[in-house]
Amino acid sequence: MNLNAYTKAQLVRETLLRLSDEDVKSQAMLAGVATHRSREAIIDAIVQRVGSSSSSSSSSSSSTESGRRNPRRSHRSSGKGRSTRLTSSYPPFVNAEGNKRGTLEQARCYGKPLAVRDHPANAPPRKLKCGKRGAGDAPTMSLLLVDPTNADGVAAMAAALNADVEVLALFNVVDERTGENAHFETFRRALPEEQHVLIYAAPAIGLAGAYNRLMLASNAPYCILAGAGVPTEQARPFAAFVDAARRAFQRVDAAGALFARGIGGAVVVRRSAVIESGGFAGDGCAFDAERTCAFSLERGLADSIRSRGWIVSHVPHDAPPGLALRPSGACPSAADAADVRDASLLEALESRTPHAPTCGAKDSAYLSSKVLEARLGGRCQPRWAVALQYFRRASAIPELAAPLVEHDASALEVLVHNDGGSEHAEWLEALAGVVKNGGRVWHVHSIDVHEIRGYNRLVRLSAATLIALVQDDDVPRALHKTLEEASTLFRVHPSLTLLGGWRGRIDVDGAPFNRQTNQLDSHKFGPGLKTIPYWDDAARCPFMFAARVNAAPLFAKRRILLQLGLLRWDLSCPGSAGIGFDFEYSLRAWHHGYRVGLFYSRYRHNAVKDALHSGTRTNTEAWLRRKEQERMNNRRLYELYPGFYHKEATALAEEANSKLRSSNYDLSEFVESGDFASWKHKPKTSGGAGVDLSDV
């Protein structure tokens, strides 16, 4: 399909005009276009971006056409036969990662994609000085395992792989054994590094659903789907295959999937290709016969990825035995095997050209608008998820779990990020009622990475439309009422994407600048502070817009959170307090044209047992590090949003508030004295002076 730049621009404009405001903003973010402007200005900017990229590529059209006629010739460089980067020759648009991959045809006939950014688009993540920590922030590959049974084999696989490979192992809780502490401890000893993650699912989930979830939860650009793993004796040839596949994928930009031996063996995929194509077809709810249909799953994924214009290939039949993971046969020496594998995989990928994206096939599930977002939950996709950050507060588990069990669990997904690697059996037992009521539980062990990275993993693992981010020292008084009011607020305010349930701020230009915290002395609203002055008639609760809101709890539209790049993980090293992520995401939402609000969530803050005698606030050294991190991150907000924070963000919030209705209401209906506790034991510095807690 040869289109000049003008024709492409016209088609893109027609496509965008048919989309909703939210979808136009989504496409703008994917194209790298700012969204805090009018709909018409956003569309003009996207069209200009697509038109300019098309014009710049027109000079190479003749070579592109010859490449289509002779793909081998265009995909190889002269000389020693080394591969050049292979790219799609179809008209450029943007895919879920914002790259110029994918096509105009995709934009016209596939509906809205699930856009997943691994970091915010407004500024790339900075390199943190975390020493050996942080290996899980940007791994090159993820090894995805479903129901592995041999801990020694898993340990051998992890040891044979490069250090920058993360392992995500999902266990279906189908018997008492997987719910015991001994099971978790056995596999944690096999995978002790911080970047490895153990996930326990209840009720059990089928293979298609499991891989869809793990694919989103991954932090890497490439994923290895290895079923339950490989035998210990095959760990080294398996690792050699994975390493060769990684190099091949890095050279061939259009490579989408490489199959070695079915879905239960070694399948290497480009994560963005799977997300873009909608993932595995199959109900993500049940643990059923789909686990026996490996060939069908493999064929379906291959067809789906290929239909989006990616290259799909199988390892050649004459590949070395170790490459094909066959149980018998001699392998070449280690020195020779790497060269053979590289050559074999590149030959497998380079001998194929990208397929033209297919439109209009009504009888194919893979070509419909049913994308990964729908496949994640199948018919049981929940509306709400509660993502809880937990660290070694065993006495609080019954109090934290009780409201979740009492809620209408059929519409609830509960995800617990266990940052301390403790109380595995206790959590599964406490949340068994959620499963019995028809809900779903994910118990995620990712050791000592703290809240930002923990929340990000849970947000991607979830399948819910809306998600609540809560801490292990906050307990809801009426969870059903809280989620009902939040749902209504999101419905009647379509541009609202983040809702604070604790406290919020309106900055005042010209107010004194607090150098202890590197922020203005703003107006603060919430329990124990200024009363929310406005009322929402639909939700029948106090509500206002705020420039920034505090965690926790926070309530968010999960899809927008994924599109905007999740919580900014480079605000702190793994294991350190992520203070400031709530303010940064608030500003990012306003900056992209969305809105941030505040309401009384009926959560009791610092309410669990020993909440006031545990955590960073009771450790002087940890507290001082936390306060210094707060100062640094508050200062960085001005670097990330120059000219926008604090003036423009405040102006947008005040303009939105001007359209709300002021009201006098009975505050006691929404806030009780026990909703906020005071600190009686403040940390002391080495000199004995008290540390100022007034800004917490």
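**Cysteines, helices and a strand residue**

Visitor: How many disulfides does the count come to by the distance rule?
Guide: A disulfide is a covalent bond between the sulfur atoms of two cysteines. The rule asks for a pair of cysteine sulfur atoms within 2.5 Å. By this rule the count is zero.

Visitor: What percentage of the 696 residues count as buried?
Guide: This is a predicted model: local features need pLDDT of at least 70, side-chain atom pairs count only at pLDDT 80 or more, and totals for chains, interfaces and linings use all residues. Residues are numbered from 1 along each chain as its sequence is written, and side-chain values use heavy atoms, leaving out hydrogens and water. Buried means under 20% relative accessible area, exposed over 50%, partly exposed in between (1.4 Å probe, protein chains only). Of the 696 residues, the buried share is 58%.

Visitor: Is Cys541 buried or exposed?
Guide: Its relative accessibility is 1%. Because the buried class is under 20%, Cys541 counts as buried.

Visitor: At what angle do α9 and α19 pack?
Guide: Helices (H or I, at least four residues) and strands (E, at least two) are DSSP runs, numbered from the N terminus. Axes are lines fitted to C-alpha atoms, for helices over the stretch in contact, and angles run from 0 to 180 degrees between N-to-C directions. For α9 (residues 207–217) and α19 (residues 450–461), the axes lie 7 Å apart and the angle is about 145°.

Visitor: Which residues of α19 do Arg213, Leu216 and Ala217 in α9 meet?
Guide: Contact means heavy atoms within 4.5 Å. Arg213, Leu216 and Ala217 in α9 meet three partners in α19: Arg457, Arg460 and Leu461.

Visitor: What span should the 21 residues of α23 have?
Guide: The expected span is 1.5 Å times one less than the number of residues. In α23 (residues 620–640), the end C-alpha atoms are 30 Å apart.

Visitor: Which elements are included in what covers the buried residues of α23?
Guide: The buried residues of α23 include Ala622, Trp623, Arg626 and Leu640. Their cover includes β16 (519–520) and α22 (581–591).

Visitor: How far apart in space are Ala387 and Gly454?
Guide: Ala387 sits in strand β8 (residues 384–390). Its relative accessible area is 0%, so Ala387 is buried. Beyond its neighbours within four places in sequence, Ala387 has contacts including Leu415, Tyr455 and Leu458. Gly454 is 67 residues from Ala387 in sequence, and their C-alpha to C-alpha distance is 9.2 Å.
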